[in-house]
Amino acid sequence: MTASTTERGADAGRAQPSPPPGRGTGGGGVIELAVTPADRRVARYAAAAIALTIAEAALPSPLPGVKPGLANIVTLMVLWRHGWREAAWVTLLRVLAGSLLVGQFLAPGFFLSLTGALLSLAVLALSRRLPRRWFGPVSHSVLAAFAHIAGQLLLVRLWLVPHDGVFHLVPVFAAAALLFGIVNGLIAAKLLESDNK
Amino acid sequence: MRPWLRLLRPGDWLVLLAGLAAVVAGVPLLWRAGTADLAVVKRDGTVVAELPLTQARKLDVTGPLGTTVIEVQPGRARIAADPGPRQYCVLQGWLTRPNSIAICAPNHVSLQLSGREGGYDSLNY
């Protein structure tokens, strides 16, 4: 009984508004952007990635900047299923919207996230050439994770902490990149497993 | 564990090992405090000799009080003898860490191991 009430309530909320009168006839130079299925797909994946980012922001981390990077699971899945372009869209949308939602937009955290994302996408653009028979999502995940920390450490060295001492953190970040790269890659591979069945 | 391992393809293992190698290689490369490779001997503040810590040798340095004998062995150096009254520099024993120093103040002689960064003048424990 409760279930049906909520469903009806949800349906009422989702009722489509009537289209505004007089539009669509091209009278005043209206540009209509067609929404393709690919757009909807990207939006859905990006939403999932953003949700993961928010959830992860609640987890405490032992060292600033060391995060499991769960949203990368979505990036890996999109890369595997739909190619690099859509993965890039999903990733960059996630970085942008995620930073807005946690209140880090244009803060150093945002730039770190962006740099890491850009460099890992660049590496993924190269690594997607690897034959799928031999290299699964775990490979891409580990390679992208190392590229991610490399980009971030470079940004930190050049901008945030201009001192060679930051390189003392390399072994710690590399170990974290390896560990979380493997974990995220395995999770992505597990979720992608059902694709071939 | 087994169902997870099945998800790894042959190339994945390669990438894993490469990643592990990168992490392991990074540790000695980036976490070394710097190795001492030279024993720098100074008299009155000016460098008298820079002895590499590779071969064993002895060096005599003459100061106002007498001769300070410096002994170098592979990887370490010490003040073997000094004419000073309290013998602090001799009692310091072998210097092994980079940047460590032994000063024979009465004779104006000092012995320091070179080092890149950090380092302590002397550590006692």
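This is a predicted model: local features need pLDDT of at least 70, side-chain atom pairs count only at pLDDT 80 or more; totals for chains, interfaces and linings use all residues.

The expected span of a helix is 1.5 Å times one less than its number of residues. By that rule helix α3 of chain A (residues 71–82), with 12 residues, is expected to reach 16 Å, and the 17 Å from its first C-alpha to its last is close to this.

- Chain A holds 7 helices and 0 strands, and its elements, read along the sequence, run α-α-α-α-α-α-α.
- Of the 197 residues in chain A, 35% are buried, while in chain B the buried share is 36% of 125 residues.
- In chain A, 72% of the contacts between residues at least 6 apart in sequence join residues at least 24 apart, whereas in chain B residues 24 or more positions apart account for 30% of the contacts with a separation of 6 or more.

**Helix α3 of chain A**

- α3(A) is mostly covered, since 9 of its 12 residues are buried under the cut-off of 20% relative accessible area.
- The buried residues are A:Ala71, A:Ile73, A:Val74, A:Thr75, A:Leu76, A:Met77, A:Val78, A:Leu79 and A:Trp80.
- The cover over these buried residues of α3(A) includes α2, α4, α5 (108–127), α6 (137–160) and α7 (170–193) of chain A.
- After α3(A) comes A:Gly83, which has a positive phi near 100°.

**Helix α4 of chain A**

- The 19 residues of α4(A) should span 27 Å at 1.5 Å a residue, and the end C-alpha atoms of this helix lie 26 Å apart, which agrees.
- Buried positions in α4(A) are A:Glu86, A:Ala87, A:Ala88, A:Val90, A:Thr91, A:Arg94, A:Val95, A:Gly98 and A:Ser99, and these residues pack against α2, α3 and α5 of chain A.
- Just after α4(A), A:Gly103 has a positive phi of about 80°.

**Packing of α2 against α3 in chain A**

- The axes of α2(A) and α3(A) come within 7 Å and cross at roughly 155°; angles over 145 degrees count as roughly antiparallel, and α2(A) is therefore roughly antiparallel to α3(A).
- On the α2(A) side the contact is made by A:Arg41, A:Tyr45, A:Ala48, A:Ala49, A:Leu52 and A:Thr53, and on the α3(A) side by A:Ala71, A:Val74, A:Val78, A:Arg81 and A:His82.
- By class, the residues of this contact between α2(A) and α3(A) divide into 7 nonpolar, 2 polar and 2 charged.

**Packing of α2 against α4 in chain A**

- Helix α2 (residues 37–57) and helix α4 (residues 84–102) of chain A have axes that come within 8 Å and cross at roughly 45°, and the two helices are therefore oblique to each other.
- The crossing of α2(A) and α4(A) is right-handed.
- From α2(A), the residues that meet α4(A) are A:Ala38, A:Arg41, A:Val42, A:Tyr45, A:Ala46, A:Ala49, A:Ile50, A:Thr53, A:Ile54 and A:Ala57, and their partners in α4(A) are A:Glu86, A:Trp89, A:Val90, A:Leu93, A:Arg94, A:Ala97, A:Gly98, A:Leu101 and A:Val102.
- The contact of α2(A) with α4(A) has 14 nonpolar, 2 polar and 3 charged residues.

Methods. Residues are numbered from 1 along each chain as its sequence is written. Chains are lettered from A and ligands numbered from 1 in the order in which they are written. Side-chain values use heavy atoms; hydrogens and water are left out. Axes are lines fitted to C-alpha atoms, for helices over the stretch in contact, and angles run from 0 to 180 degrees between N-to-C directions. Helices (H or I, at least four residues) and strands (E, at least two) are DSSP runs, numbered from the N terminus. Angles under 35 degrees count as roughly parallel, over 145 as roughly antiparallel, 65 to 115 as roughly perpendicular and the rest as oblique. A crossing is left-handed if the near helix is turned anticlockwise from the far one by less than a right angle, and right-handed if clockwise. Contact means heavy atoms within 4.5 Å. Ala, Val, Leu, Ile, Met, Phe, Trp, Tyr, Cys and Pro count as nonpolar, Asp, Glu, Lys and Arg as charged, and the others, Gly among them, as polar. Buried means under 20% relative accessible area, exposed over 50%, partly exposed in between (1.4 Å probe, protein chains only).
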